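Please view the model below before reading on.

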Amino acid sequence: MAMRACINPLSKLLMRSNSILTSKVNPSTYILNPTQDSTQFSKSQLVNHGELEDGVIPEALKYSLPFYQDTLSNGLRVASEPSNVPLVTLTLQIKAGVRNESFQMNGIGHFLKKLRARGTEKRSRSQLAADLENIGAAFNINTGKEMTTFQIEVQPKDLAKAIDILADVSLSSKFNKNFIEEQREASLAGLRDTRDVRKFILENIHYTAFRDHMIGQPIRGNQISVGNITQEGIKDYVDAHYIAPRMILVATGSVNHEEFRGLAEKHFGNVKNNGRDIIGDDKPVFTGSQVQIRDDDVDMSHAGIFYLAPSWNSEDYFAFQILQRLMGDYRPARDSIINHPHLQYNYLHKWFGEIEDFGEHDSYYIPYSDTGLFGHYASTLDLSGFFAPHACLKATRKATNYVMEAEKYRARNRYYNDLLNNNDLFSQGKEIADQLYYAKRRIPRSEVAKRVSVADARYLEKVYTNWLWDCELALAFYGPIFTQVRLYGTYRGYTNDSNQV
Amino acid sequence: MIRRLIHSSFKPLPNHHPIYVKDFISSVQKSKLSNGVKIITESQKFPSTVNIGIVIQVGTRDDPIGYLNIYKELFLKSRIKADQMHYLVLDLLGCNINLLIERENIYINTSCLEDHLKHVIPALKHAIFHLKNPEDTSEAIEKFNSKLEPESKEDSLKNFVLPTSYSNKTLGIRCPRITECKLENDDLEKFLKKKFTAEKTTIAATGITDHKTFESLVAESFSNLDKGRLEFNPAIYTGGTYRENIDDNDMIYMCLGFQAAGFFEHDMATFTVIKSIIGDGGGFNIGGPGKGMRSRTFTKFLIYDFLKTVKSYNHAFTDSGVFALSLVGFEKYAEYMPEIILNELYDLAYIQEEELNRAKNIITREALINYQRSLSRLEDLAKNCAFFYNTPDEFGYLKKISQVSVEDIRRSLLNMFTSQFSMIVLTDKNTKIPDLETIYKRMGRK
């Protein structure tokens, strides 16, 4: 077979092929006539799609919105990123999550989140609901492994009212015993709901990966720990964590920083700046392990295959952000055909496409302050449940050996699109709060783009080899899995050459 | 060098100086190609991706056979290598393409960097319009039919509102099972050639720096489309009854629909406010502050112990609209349910200003949330231009919402009560529920 490589910047690409050795080919003298019978990865020319050179970022990404930051006298950090959007979103992030709870009262953060709806010192439950709906506010509280986030979105004219409600709910909620008992009933009933299987798998992955550390415990707690929650326990938890140095307040949208700072000082200036000793700062230890939950009553088998990954401030953080976009996600309706062009540069999709009755796949990169997880979630009908974890392990091992230039370009373009499409005030506020907490500064998107633009495929391979080659795994399986799941050692063998698939 | 650049998010990148700029007010421009393709663009508010939306004014109301469902199965799945090269371009450039088949149009959107537009536009045009009829049309039909899973009862209730209201024609055409018709190999191709024409095509983009440049890129690819002509099959609201016998643990699923306003009618804003006042939900465990707990669903409807779920719908199309309320409850109390709906709607005529303002504030905030999202603005731009060659005026819409008064609500309620009703009931065969004639009689209507 003869090959003609395209005479354009892309001719610099190394295009590996199963049937053609490119290293000895003079691109200008060979011609390839692709046919329908061409093997999956025997490449013909790529079209010239004007790919940017390494180190060059798209013009749009060179620009960032103005950003302002202050610290109040009590240590609370205040930041804003104004824009002309006719809304304003306030994000209050507190460094208090599951990892700061105790085993006895695991789930207290989530319990507290539900309790806040029941009223504060200034407002009864119905008054709180009325005040929010009268100004058309969207209000949300989210508890996570390391953070609790309060967010409220209103029209700019209602900024003062919004910050008053935010301060009231976060700092002055009522925790009387009747409310606590009512909420306990509701929380225990909620624990029996496992409809969100994806969340269920992720909870189990954390549990098996970080045994004996609170970060591995479920956010909602369990039947025993929720029963142990007391009024004193709640007050202790709040006294320890709801202190100014652990808080960040961010405003995005139509806001004036000076006015916002003044309101923050008025409502949050009295928050105390010290509390009792806190727990949860010890580093979690990743334990290679596997958890299986058999349930023959469900149709689909679900699997989580996860690896230890870099933390937020690790030097390999961006490389793994690229890896997550490289792996992407898979939906049969969109991707399910052999020889589909997506598959030509995505081995994972090719292997999933060969599995009958495959459900869905998502890849995740979940960094924390001192650890992280990278991995895959996959679901299939029961008889194919054997093959999905193998495809995920194969694809991850392949990334440690060889990252195609085309894969790198696709991941990079996806990253650029993600950076440019982040125009939702809620997610902007959360992003700023996370960056201020973990990286101690706002990272402009031009800097992220610059770092990504120089990502070299060979360097990425080295990073992935360091983390993902011959390493321990955290595995979770759920569903009618009786005949499908293998021993941990079998899966562990797929992370190196000892167990070829 | 590479290692130093890519790693370490802690420390600022050496010698990197971000450019801080404020965002600015965007402007909208529109134009038409000589063959009738409409183009509308919104300039950048702030440097971002370019979002491209394409509307083709062919929807399920024009497709009783179900060709569009086969089209959706075959979209981006051609086995022909030349086609796959176009898909490859879209994939490598990080474009995530979404295709929606709706009642009045199909809508495709994607996003890319502005530098990549000259590659994306031809690839998109090829992917959308050059769907050759491959031999596996029958495979696509089989796949589509196999995916038609039994709906939940609540989905059935929602999905029967329009077929009942429009007697299964135009806006009421249900998603068909494509087994009855024997399709020839070129039937799909003929359908696409006839329907996917230049006059029916609108291309919208947000985040553009220059409208003329975008227009010339579009012209290179789209100027060879057949002009075609715009056809319009007006929808006629008829009302009617649909009843299906089911056995579901003593529950009844019931929906009552009324003729409402089309998208550009004056009362469209009023129906939007009515929907916001009623809200929807089921059970008091769901929700919390700021989650609609003060809507009439919770303050009036769910006070009745035998009701489990309440939902309100406001379907607005170019030339017609339907407003509907559905209830799920115990079938023992079935005979009271139509009366509950009508009484609570009648009660809206005496709404207080505080409650009305609360509903308006919620709509305003939701509209502004959509306004900040470029994909929502893109869809708004594309559809306004497609159907009316208008530039959407979000703030004009919000002004209309703010001007809705109690008198407007009373007028709309009167129009609803004097229209033909649509009633959808899913319950046990022995359950007695008043039919429409009985309901009209009780209302004093002829």
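The side chains of A:Glu360 and A:Arg198 meet in a salt bridge, with 2.4 Å from N to O. A salt bridge here is a side-chain nitrogen of Lys or Arg within 4 Å of a carboxyl oxygen of Asp or Glu. Between domain 1 and domain 2 of chain A, the count is four salt bridges.

This is a predicted model, in which local features need pLDDT of at least 70, side-chain atom pairs count only at pLDDT 80 or more, and totals for chains, interfaces and linings use all residues. Residues are numbered from 1 along each chain as its sequence is written, chains are lettered from A and ligands numbered from 1 in the order in which they are written, and side-chain values use heavy atoms, leaving out hydrogens and water.

**Chain A**

Chain A has 18 helices and 13 strands. These are DSSP runs, numbered from the N terminus: helices are H or I with at least four residues, strands are E with at least two. Of its 501 residues, 63% count as buried, meaning under 20% relative accessible area with a 1.4 Å probe, protein chains only. Take the contacts in chain A between residues at least 6 apart in sequence: 82% of them join residues at least 24 apart. Contact means heavy atoms within 4.5 Å.

Domain 1 of chain A covers 68-268 and domain 2 covers 289-500. Such bounds come from an automatic or database domain assignment. Taken over C-alpha atoms, the centres of the two domains are 29 Å apart.

In domain 1 of chain A, A:Arg198, A:Ile201 and A:Ile205 lose the most area to domain 2, together 19% of what that side buries. Buried area is the accessible area (1.4 Å probe) that two parts lose on being put together, summed over both.

The count between the two domains of chain A is 15 residue pairs in polar contact, both residues at pLDDT 80 or more. A polar contact is a pair of N or O atoms within 3.5 Å; within protein, one must be able to donate a hydrogen and the other to accept it, and residues adjacent in sequence count only if both atoms are side-chain atoms. Helix H5 (197-209) of chain A is among the elements that supply at least two residues each to the domain 1 side. H5(A) gives the largest share of that side, 10 residues.

**Chain B**

Chain B is also divided, into domain 1 (21-222) and domain 2 (240-443). In domain 1 of chain B, B:Lys153, B:Leu157 and B:Thr164 lose the most area to domain 2, together 18% of what that side buries.

Across this interface of chain B the rule finds three salt bridges. B:Arg61 and B:Asp319 meet through their side chains in a salt bridge, 3.3 Å from N to O. Eight residue pairs are in polar contact across the interface of chain B, both residues at pLDDT 80 or more.

**Interface values**

| Domain pair | Residues in contact | Buried area | Share on carbon and sulfur |
|---|---|---|---|
| Domain 1 and domain 2 of chain A | 37 residues with 37 residues | about 3200 Å² | 67% |

Conventions:
Buried < 20%, exposed > 50% of the residue type's maximum accessible area, 1.4 Å probe, protein only.
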